[in-house]
Amino acid sequence: MASAPRPGGRDTDRVPVPKRLLDALSDDPASAVRSWLDALPGTVERQLAAWELTLERVATPGGRRGLVALVRQADGTPAALKFPVPGPDADRERAALAHWNGWGAALLLRADPDTGALLLERLHGAVSLRSLPEPKALLEAAGTVRRLWVPPPEGHPFASVTGRTEEEREVLRMLGAGDWAADARPLTDEALELRAALPTEPPEEVLLHGGFRQGKVLAGERAPWLAVGPAPVVGERAYDLARLVLDRCEDLAAGPGPAAAARRRVTKLADSLDVDRDRLRGWSFYRAVETGMRHAASGDRRRAELLLEFAGWL
């Protein structure tokens, strides 16, 4: 019988880099990212040894911005070892998880600033809020995201919603000017107008998840549902909630009266979390158009058309 792998064993075949991550980063123009990707199996092995972890398996298909390995700590406790793609986004994710300290999000157990490794409590990766019926999923999502909205720490590294969407606005303006986007130009024009107006007088400045949706909330042991994979920013709650409004829009499209159902979703979420309805509608419209146009530019026309249609319902 084969022996169990030793903590920090040197069998690098045990650390395959998921194809999804390879596909997402292989053409990245940054040489530092390519070097990080090439060195990743060895980096994982060294981190396993340094923290006395036993590798169970690499999570697949995984994400496009990092590798996650399921491990056991020296005392047998399960955990997840994550290696985000290095850069400011990874630093902000670490800072947000540390600030939340397990409140509404996966608990950060350890962090290595040299390798970027994050040791997180193990959640049930195969069970997200998307496994629940829509009404129950929205209820649990609202309860989870509410916990994340806390004041940011002093001297925080997080970008503002204004700063993040300023970069998006330039891309959206460029995409909207293309000949292929002529049919969507009324939507892109309105989205650009909303982006100019909404950040001018934000009603609050709290720490936001930044990419909150049902698939980013996993079942846990310490708490029923906990958020993972933040792209944290500081700004108003309506911005964070807008991505949740767009979630599972294909379900609305397949049902009766999708436009009325979309508007009811905005009203229900806004009222349940005491968010201004008009601001939530505005940010939802903006995020639908901005995301839809990026999908169109990347060749995913089906997803793009669905998101632009959703924007029209609002």
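The model is predicted, so local features need a pLDDT of at least 70 and side-chain atom pairs count only at pLDDT 80 or more, while totals for chains, interfaces and linings use all residues. Residues are numbered from 1 along each chain as its sequence is written, and side-chain values use heavy atoms, with hydrogens and water left out.

We can begin with the sheet, which is open and is formed by 3 strands in the order β7-β11-β8, with mixed pairing. Because β7 (159-160) and β8 stand at the edges, each having a single partner strand, one side of each is left without a neighbour in the sheet. Strands and helices here are DSSP runs numbered from the N terminus, a strand being E over at least two residues and a helix H or I over at least four, and two strands are said to pair if DSSP finds at least two bridges between them. Between β8 and strand β11 (residues 233-235) there are 3 bridges, and the pairing is antiparallel.

Within β8, which covers residues 206-208, we find leucine 208, and opposite this leucine stands valine 233 in β11. Leucine 208 has a relative accessible area of 0% and is therefore buried, where buried means under 20%, exposed means over 50%, and partly exposed lies in between, using a 1.4 Å probe and protein chains only. If neighbours within four places in sequence are left aside, the residues in contact with leucine 208 include Trp100, Trp149, Val161, Pro232 and Tyr239, contact meaning heavy atoms within 4.5 Å. Aspartate 23, by comparison, is 185 residues from leucine 208 in sequence and 29 Å from it in space, taken from C-alpha to C-alpha.

We now turn to the backbone. Most residues other than glycine have a negative phi, and most peptide bonds are trans. The peptide bond from threonine 60 to proline 61, however, is cis, with omega near 5 degrees, and proline 61 is found in the loop between β1 (54-58) and β2 (66-72).

Asparagine 101 is not a glycine, yet it has a positive phi of about 50 degrees; it lies in the loop between α3 (88-100) and β4 (108-111). Arginine 248 also has a positive phi, near 55 degrees, and lies in the loop between α7 (237-246) and α8 (249-254). Which of these two residues is buried and which is exposed? Asparagine 101 is exposed because its relative accessible area is 56%, whereas arginine 248, at 9% relative accessibility, counts as buried.
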